[in-house]
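Please read them with the structure open.

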Amino acid sequence: MGRAVTLTHQIPPLPIAFPLLVAAFLAAGRDFWPRRLTESLALGTSILNVILTARLLELSFAQPIVYWMGGWRPRGGVALGISLTIDPVGAGAALLASLLVVAAFVFSFKYFESVGTLFHVLMLVFLAGMCGFSLSGDMFNLFVWFELMGAAAYALCGYKTEDPKPLQGALNFAVTNTVGAFLALTGVALLYGRTGALNMAQIGRAMSSAGHSPDALALTAFAFITCGFLVKAAVAPFHFWLDDAHAVAPTPVCMLFSGVMVELGLYGALRVYWTVFAGLLGSHQAPLRGILMGFALLTAIVGGVMCFAQRNLKRLLAFSTVSHVGIMMMGVALLKASALGAIAIYVLAHGAVKAALFCYSGILLHRFSAVDEMELHGHGRAMPATGALFGFSALLLASLPPFGLFTGEALLGETAKRSGYGWIALVASLAAALTGGAVLRVGARVFLGWGDKRKVEGKKIKEERETSGGQTRTPAVMSGTAAVLVFAALAIGFVPQLKVGARKAAVDMTDTAGYQSRVLDRTPLPPPAPVRTPVEAGEFARGLATVLAAVALAAAALFQRRLPRAARAASRSLSAGIEPLRKLHSGHIGDYIAWLTVGVAAMGGLLTLAFR
Amino acid sequence: MSGLEWLMGWMGYAVAIWVFAAGLYGIVTSRNWMHLAICLAVMQSSTYVLLLSIGYRTGGAAPVFADIPVGARAVDPVVQALTLTDIVVEATVLALVVVLAVQIHKHSGTLDPDKLRELEG
């Protein structure tokens, strides 16, 4: 073995260890490091993480990597040590996290007032947690990283400790997600009790070789672990924490929450299903698909409707994330490699668009000290370039063909059609139209001054500024970050290698037997061949129809008074109809946990009925 | 099967479920952030009980093979390591929750989530 090979073999733990080390270094000297040093070091670390995870992605495409901590390799199919098991989906998730952390650091460079050294320390710990979660091959470590990235995220969410509002949002976030983590841990404990193993490959092999149909213990473990991760993924009815957290968290933190953290929740659920439960539950895919699809549809619709009903831009974007997670969840629920490949592309494009939109909300907050749509009415007229990019992002969000989100959604639609679930594409379109329309409406109102000028009801909502310096112009780092992100989302639709890569990554992730033999026997099985799903012209028509629907919804909301009487009455009764739904989002933690319990009970009950 | 074995077979799990439910009830009905943090800790304790019950073996010694022969009956050491890690991780989170609650009290003079209706959607 040459020296280069040895070095390459040592890469896997670095994206986790390196940010943690730098974070400790920065925390130790936070009173005397100059700000410039802190910022440069943090940015440099995140860029290095991008390079490391990109290299891991490249290596894992050739052959998924299994790294044993301290060289404790498995003997006779029994894993004694702790592994990092890296396939392209995991490495891709870590790369996305690293890229968005770079974007967040660049965005907050120099101007952010609230950015002290601790902010950088927490961001780096958050990054390490996300990378650890993506790369872990061990079930218990999955829980540990889940809570570690959680702890950093709760602290980042309540970072502006002067204001009681962020504190309450951070508390709701922390308590809900911690209860989710307990659920996951309980599930892990049950699996350990059954199989005596913590390595996911070994648990999976033991569960499927048991030979009998899924029993109460296996179903309970599955329900607990899946629901635990779905809390982080903000799938309804576990989603209530998300808008509270997003409404109060600093803008660069929101970029990470929406762009990658929430998606990692879905990743966890997927990883556990495909490595641990696929063998056991594989012969009962039809009912399982139905149950998961129910959660996905509920999420897409609740998120979309609530998104359209908001006027606080940050909260609006948060609900749009809920809605889009619903669309991603549809891909998870189909339990197919081709659906997984579709949502892999979708997640990348969504991460870029959503991060860009949060950048714009940060820019508006910087310029006008507000993120309320009504209050900002016409304020952005002097910023045509920003407005144009904002509007374009809204169209991207409504899955404008042939760009990033459309590519993913079209593939999803095709796969759904082939699985007998063709109609879910309509729900996905509705969700995309609602969220895209809502963002478009805000854009038209703020940057063009369109729409009925309504008096702001109630007290004026003043947001605390996050930035220092003059409000007369937008710093180049802010507008530049946003523009690059929009461009990235746009480009994702045009890179054919990405589609090929996503297909291959998805097939690797769903290859349960291959994963087990790679980890436990060190004998790689021949990789299964990726299946190509051609996208038909019908999907383009659907994409265009979605965008038109979004524009129509935005126009209807802007010019409500000019609508014909019947349409006005309909829109009034619709908004009265969603009032109960709004009331459910009470900001009260007890309600949230009650809904979480209902969700877990529903998942468990339906599974029991289906597998009786 | 002796009476003790029979009892230990299901007692731990029953206690774990009971403690989990008690913590959950406390969180759902809580009117005070500090009380809620403690309920969270109660709920978390159920995971310790569950883990230790899973690793328990009747008549097993502590898994330290210094003064007992190798191969003697011992309880599972892995679950103890898991419990310890669980404690460390959750202590971090709990400390954070308490700090946030203290800060809330400092700024608004109340710990009642109902009185802090700043976040109505």
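1. Is A:Arg441 buried or exposed? In this predicted model, A:Arg441 counts as buried, because 25 C-beta neighbours lie inside 10 Å of the residue; the cut-off for a buried residue is 20 or more.

2. As to where this arginine sits, A:Arg441 belongs to helix 17 of chain A, which covers residues 424-448. Leaving aside residues up to four places away in sequence, A:Arg441 touches A:Ala554, A:Ala557 and A:Leu558. A:Glu373 is 68 residues from A:Arg441 in sequence, and the two C-alpha atoms are 9.0 Å apart in space.

3. On the chain as a whole, chain A has 24 helices and 2 strands. The C-alpha trace spans about 70 × 60 × 45 Å along its principal axes.

4. Burial and contacts can be taken together. Of the 612 residues in chain A, 61% are buried. Among the contacts in chain A with a separation of 6 or more, 84% are between residues 24 or more positions apart.

5. Helix 9 of chain A runs over residues 216-233. Helix 9 is mostly covered, with 14 of its 18 residues buried. Just after this helix, A:Ala234 takes a positive phi of about 60°.

6. How do helix 11 and helix 13 of chain A lie, and at what angle do their axes cross? Helix 11 covers residues 251-281 and helix 13 covers residues 313-333; their axes come within 11 Å and cross at roughly 25°. Helix 11 is therefore roughly parallel to helix 13, since angles under 35 degrees count as such. The crossing of helix 11 past helix 13 is right-handed.

7. The residues where these two helices of chain A meet can be listed by side. Helix 11 supplies A:Cys254, A:Ser258, A:Val262, A:Glu263, A:Leu266, A:Ala269 and A:Leu270. On the helix 13 side they meet A:Lys314, A:Leu317, A:Ala318, A:Thr321, A:Val325, A:Met328, A:Met329 and A:Val332.

Notes. Residues are numbered from 1 along each chain as its sequence is written. Chains are lettered from A and ligands numbered from 1 in the order in which they are written. This is a predicted model: local features need pLDDT of at least 70, side-chain atom pairs count only at pLDDT 80 or more; totals for chains, interfaces and linings use all residues. Helices (H or I, at least four residues) and strands (E, at least two) are DSSP runs, numbered from the N terminus. A residue is buried if 20 or more other C-beta atoms lie within 10 Å of its own, exposed if 12 or fewer, and partly exposed in between; C-beta atoms are placed from the backbone. Two residues are in contact if their C-beta atoms, placed from the backbone, lie within 7 Å. The expected span of a helix is 1.5 Å times one less than its number of residues. Axes are lines fitted to C-alpha atoms, for helices over the stretch in contact, and angles run from 0 to 180 degrees between N-to-C directions. Angles under 35 degrees count as roughly parallel, over 145 as roughly antiparallel, 65 to 115 as roughly perpendicular and the rest as oblique. A crossing is left-handed if the near helix is turned anticlockwise from the far one by less than a right angle, and right-handed if clockwise.
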